[in-house]
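Please look over the structure below before reading the points.

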Amino acid sequence: MQVQTRIRSSAMRVLSSERYLDFLRARARLARRVRGAAPAVHYFHEVDDPYSHLAVQKLDQLRDAYPVTFRPHLVSKPGAEYQGSSRHFDHWALRDALSVAADYGTTFPPRDPAAPAPSAERLAAANDALAPHLTTPDFARVATATGEAFWSGTQPPGGTTGQGPGRRAIAEGNALRQRLGHYLGGMFHFDGEWFWGIDRIRSLEQRLRAEGYGDDSAALCVPEPKPANSAGLAAGHVVLEYFPSLRSPYTAIGHPRVLDLIARSGVTVAVRPVMPMLMRGVPAPRSKQRYIIVDAGREARFHGVPFGRIVDPFGEPVKRAFALFPGAVALGKGMEFVTAYLSAAWAEGVDITSDDGLRHVAARAALDWTELLEACEGTDWHSVLDDNLQRMLAAGLWGVPSFRVSGGRAAADDAPAYACWGQDRIWRVANEIARRA
């Protein structure tokens, strides 16, 4: 294993651990006490972020359930380098929020995702209207109403110059968000720990309860939506295209649930691995990479998935693995190979940069090493991965794991295929398979 890989892997092991989160929490708690400040949850609201519009609808419910101060702040959109694909980011966020709003008990005004984004003047007017309410008890109510008008297009132009109280509030909110170490809107921060949007409010609630706030016996305010029961669906006429990456922590922690969904539903699967985002030129600043691995570790613990004994396959190691994938497919073991590799690299600490490590992966996938190498001869793995990537991009997605569901009853009604991104949406994929079956 190269020195760079060893150092990077060691850092990722630390960042994904519960011990590291404990350190962040203790450090923030001590700093707060030194300042003589009371504990508070900071919420960063971005008016033109669909996820913020969903999250703010839960703010008053959280305030009622947890006796701790909630402090809202206004922030602006993150830089393009934090958006993955800035060309697709806004369109995807809107489409996703529309898709999951009702499941979370929230609303999002109907809107054509292909319509132009609201103007800068309307955004400035919305922020100016919200800024005076940051320190009043009605912030969540006003923010929800403002968001409804903003996203539905019914908000009056306002005539703002963008120099009003909203601009000053955003500058202050951006500065605090950056100082605390994040970049997105719709975020909650409590004593050293970040929670993204409506999907992570459950984790914020668990943290608050662990700190002695709230009632442990009460139901969570915002649990993760429960998927439809897909057991015994015999959904062989429904097709699930699954786009994983071998160098993706979110793929690794979601993969067992994907396998379980496939086994329970009987859906027809096409596994289409793609090159890691960083290796295809998608930017990810260090603060984003750090948050992803910390969050992935926390999510793995939430779902009870083995994770954290990491040997990062970035670069040549993952290319060597991808070169073996067409051979595994030819031998009928494509998914088994992906499963074995993800487990080895992200949970078992196997040195997948070495031949011995790859032999271990092959054996765990029930593949004979010699037969696997022979099956790879003459295959073009670059073309396979490029075709998979083009299919994923055509669905309006760029990150992993991604999913595309087609066929079934919906196909007879000429309904379009459903596509989504992220291990946070596996429950939504299950619902779509059930609907089509």
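The notes below take the basis of the model, then the helices, then the strands.

1. This is a predicted model, in which local features need pLDDT of at least 70 and side-chain atom pairs count only at pLDDT 80 or more, while totals for chains, interfaces and linings use all residues. Residues are numbered from 1 along each chain as its sequence is written, and side-chain values use heavy atoms, with hydrogens and water left out.

2. Helix H2 spans residues 18-35 and helix H11 residues 286-303; their axes come within 10 Å and cross at roughly 115°. Helices (H or I, at least four residues) and strands (E, at least two) are DSSP runs, numbered from the N terminus. Axes are lines fitted to C-alpha atoms, for helices over the stretch in contact, and angles run from 0 to 180 degrees between N-to-C directions.

3. On the H2 side, Glu18, Tyr20 and Leu21 meet Arg290, Val294, Arg298 and Arg301 of H11 (contact means heavy atoms within 4.5 Å).

4. An open sheet of four strands runs in the order S6-S5-S7-S8, with mixed pairing (two strands pair if DSSP finds at least two bridges between them). From one strand to the next, the twist averages 15°.

5. Four bridges join strand S7 (residues 402-407) to S8 in the antiparallel sense. Arg404 has Ala419 of S8 as its bridge partner.

6. Helix H18 (residues 426-436) packs on the sheet and touches strand S5 (238-243), S7 and S8. The direction of H18 makes about 5° with that of S7.
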